[in-house]
Protein chains: 2
Amino acid sequence: MKLYHKATLPEGFTAAAVASGIKKSGKLDLALLYSDKPAKATCVFTSNKIQAAPLLLNKKNLKANKLYRAIIINSGNANCFTGQAGLKDAQETARLLARALGINKKNILVASTGIIGKKLPLDKIKKAIPHLVLAISKGGINRANKAIMTTDTFSKEATVKFNIGNRAITICGIAKGAGMIAPNMATMLAFIMTDVNITQPALDKALRTAVDNSFNCITVDGCMSTNDMAVVLANGAIKNPIIDFNNHFKLFNSALNLVCLELAKMIVQDAEGSSKFIKIEVGGLKNSQEAKKIALAIANSNLFKTAVYGENPNFGRIVAAAGASGVEIKEKELKIKVSPLHKKNIDIQVSLNRGNASAIVYTSDLTPEYVKINAEYN
Amino acid sequence: MKLYHKATLPEGFTAAAVASGIKKSGKLDLALLYSDKPAKATCVFTSNKIQAAPLLLNKKNLKANKLYRAIIINSGNANCFTGQAGLKDAQETARLLARALGINKKNILVASTGIIGKKLPLDKIKKAIPHLVLAISKGGINRANKAIMTTDTFSKEATVKFNIGNRAITICGIAKGAGMIAPNMATMLAFIMTDVNITQPALDKALRTAVDNSFNCITVDGCMSTNDMAVVLANGAIKNPIIDFNNHFKLFNSALNLVCLELAKMIVQDAEGSSKFIKIEVGGLKNSQEAKKIALAIANSNLFKTAVYGENPNFGRIVAAAGASGVEIKEKELKIKVSPLHKKNIDIQVSLNRGNASAIVYTSDLTPEYVKINAEYN
């Protein structure tokens, strides 16, 4: 299994991006991911009770249909808290793209990211779609990965290649996210494409596992988005003997895990205003849920995060956060190790003494720059 | 009922403070509150699972004994995460004070606030106690209120006076707190003295209600402390006919509520690095617990708090925070009103449409200054 920090599209996939004018800066803001033939789709969505219009539309479609040809993503506008009009805008986006591609609108997934509560400028999308379709190419992924960015400072991309027998399988993912990042899900979009041939239940299960071990293990500011989605399209183009729970599932699952974890870590590395990448490992618990609860409580503590920013070994804040996590903790069983704080990568190890379960969570420090970026974002 | 933003000790109470050297700055750091005769005590403690040594000691004492003569408080050191040695230091502090005052050590409450995980410098306290006892006076409260401060920029004090028949009752409270403020409890210490004559069950109930409506309705950074406590001493010096649940309870309760709410608001006004005082009112719910859950989710959202700091009317962040609160919310029933953001006092009104229950929470904005203060605090 080989990992590349670069997007290389699998067999049968192409992509495109244009600047439609949604972003006032004139940067790329409309992306298309396209599969030559119908691909099985699986999705995980935010658990926020308020969900953006594209998510509502996708959820409805996914109930009836699991085969998809395209994903259209706009940045600069979240199309969230926009009511019935927003839902119509998402539907119309899919309809316009379907017409331009000559496919059924039910085979299209829609995603949006950006400011909440503003009407989607549908006229701009309408004008841009013909250009978007004309731009489709194998190399288009290197523009699509930029078109999904908002406050991101670099594009997040990862490709894993591995073999099943003599078939070379590719899993390629791009993601966006830098703030409003909390587990369940982190505020992010992740689009993963693979040419593998796999059953729907195995694909569903693999994504859920991978998300739990990656995007649900990162937090920047504990703020949960309304627009998060992670999606995998598997088009079977490589024609390997089909993967199911009894055949090569573990291999595919670990490859998908790897792509998701790399993308998740990149999101934390790009956390708004951050100066440190922090890994928090909590061990010695009876079950991993408790370990994750403690790790997340530490990761979301503003006081802990400012202490790391200040390179200030104030480990009392780790104690206070762990104690506030809701997990029963006795002072005398709590052991804490902190790596040198003057480095960029910080390791925090918290161990208790009541079992073998553990969890890892990734986060960033809290800096004056984070406050400035988010005071101005609109 | 009259409210004064100044501490005036009730009948039978005196106070004192000295600089013992725990704070390297040489500022006041050891305070004593003293009652001429045994006073009934009631306490509420932090719900953090890690609790500082003084809290463990007080809890043990309160099981056996409800009558107290004195509270000794040090700032600059939390005596938390200090194990058995820390517990002994708290006990020894009480023993030394008891000897100097000529009272029983079981009639003394102990409190600490400051850095977590460092040994209490008992030698400094030992040397300071004779000076502390010599300094006892009615005016000593104006030094005690400063001696309990850590990152506070002003002392928090409130006095309420009211009559029962022809008896003039006084309730006087002092508090500290500026950061590590989250509900259950906020990171704070509050010491309230009254000369009223009241039954123990009525006193217990009144403090619990008052704390729920005040200290448990404020949040600065969502970080829950290990050292919080709120205590009321009621010495009965005014010899009013005893208050119980059937006699004047409502009057006393509302007076105590008022003292606690004023102190709680002052803590938010002094929130580390803050530039705005934010009131969040959530209404139209079926029960007030749900309303409070939504209000707190908004109040603890870093993205909401930075938007207020930036005077940036990004109300999508209120929507996202409300949706992430765990309460089932439908987009179309959510109404949001925000007062002009260029002012110092901000009112946020969130209303749903499913009932008459509401809740109010107070918080501050998140500023680069908050990050700087907490990056350096050690």
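pLDDT is the predictor's confidence in each residue, on a scale from 0 to 100. In chain A, strand 9 has the lowest mean, 78, while helix 3, residues 122-134, has the highest, 98. The average pLDDT of chain A is 90, and 95% of its residues score at least 70. For the model, ipTM is 0.73 and pTM is 0.80. Where pLDDT is low, the predicted coordinates should not be read in detail.

**Domains of chain A**

Chain A has two parts: domain 1 covers 2-269 and domain 2 covers 277-376. Taken over C-alpha atoms, the centres of domain 1 and domain 2 of chain A are 30 Å apart. Between them, 12 residues of domain 1 of chain A are in contact with 11 residues of domain 2 of chain A. On the domain 1 side, strand 9 (218-219) and helix 6 (249-269) of chain A are the elements that give two or more residues. Helix 6 of chain A gives the most to this side, with 4 residues. By type, the residues on the domain 1 side are 6 nonpolar, 5 polar and 1 charged.

**Contact between the chains**

Chain A also touches chain B: 47 residues of chain A are in contact with 46 residues of chain B. On the chain A side, at least two residues each come from helix 8 (302-309), helix 9 (316-323) and helix 10 (368-376). The residues of chain A on this side divide into 23 nonpolar, 17 polar and 7 charged.

**The sheet in chain A**

In chain A, 5 strands make an open sheet with mixed pairing, in the order 9-14-11-13-12. Strand 9 and strand 12 (335-338) of chain A are at the edges; each has a single partner strand, so one side of each has no neighbour in the sheet. Helix 6 of chain A packs on this sheet and touches strand 9, strand 11 and strand 14 (357-364) of chain A. The direction of helix 6 makes about 45° with that of strand 14 of chain A.

Strands of a sheet pair through backbone hydrogen bonds, either parallel or antiparallel.

| Strand pair | Sense | Bridges |
|---|---|---|
| Strand 11 and strand 13 of chain A | parallel | 7 bridges |
| Strand 12 and strand 13 of chain A | antiparallel | 4 bridges |
| Strand 9 and strand 14 of chain B | parallel | 2 bridges |

Some partners in chain A can be named. A:Lys279 has A:Asp347 of strand 13 as its bridge partner, and A:Gly283 stands opposite A:Ser351 in strand 13. Strand 12 and strand 13 of chain A form a hairpin, with 6 residues between them.

Which side chains of strand 13 of chain A are buried? The side chains along this strand alternate: A:Ile346, A:Ile348 and A:Val350 point to one face and are buried.

Chain B has an open sheet of 5 strands with mixed pairing, in the order 9-14-11-13-12. Strand 9 (218-219) and strand 12 (335-338) of chain B stand at its edges, each with a single partner strand, so one side of each is without a neighbour in the sheet. In strand 14 of chain B, B:Thr363 is the bridge partner of B:Thr219. Helix 7 of chain B, residues 288-299, packs on the sheet and touches strand 9, strand 11 (277-285), strand 13 (345-351) and strand 14 of chain B. The direction of helix 7 makes about 20° with that of strand 14 of chain B.

**A loop residue in both chains**

Most residues other than glycine have a negative phi. A:Lys239 is not a glycine, yet has a positive phi of about 55°. Is A:Lys239 buried or exposed? A:Lys239 has 11 other C-beta atoms within 10 Å, so A:Lys239 is exposed. A:Lys239 lies in the loop between strand 10 (229-234) and helix 6 of chain A.

In chain B, B:Lys239 has a positive phi of about 55° although it is not a glycine. B:Lys239 is in the loop between strand 10 (229-234) and helix 6 (249-269) of chain B. B:Lys239 has 11 C-beta neighbours inside 10 Å and therefore counts as exposed.

Definitions and conventions: Residues numbered from 1 in each chain as written. Chains lettered and ligands numbered in written order. Predicted model: local features only at pLDDT ≥ 70, side-chain atom pairs only at ≥ 80, totals over all residues. Domains from an automatic or database assignment. Contact = placed C-beta atoms within 7 Å. Nonpolar A, V, L, I, M, F, W, Y, C, P; charged D, E, K, R; others polar. Pairing = 2+ DSSP bridges. Axes fitted to C-alpha atoms, helices over the stretch in contact; angles between N-to-C directions. Buried ≥ 20, exposed ≤ 12 C-beta atoms within 10 Å, placed from the backbone.
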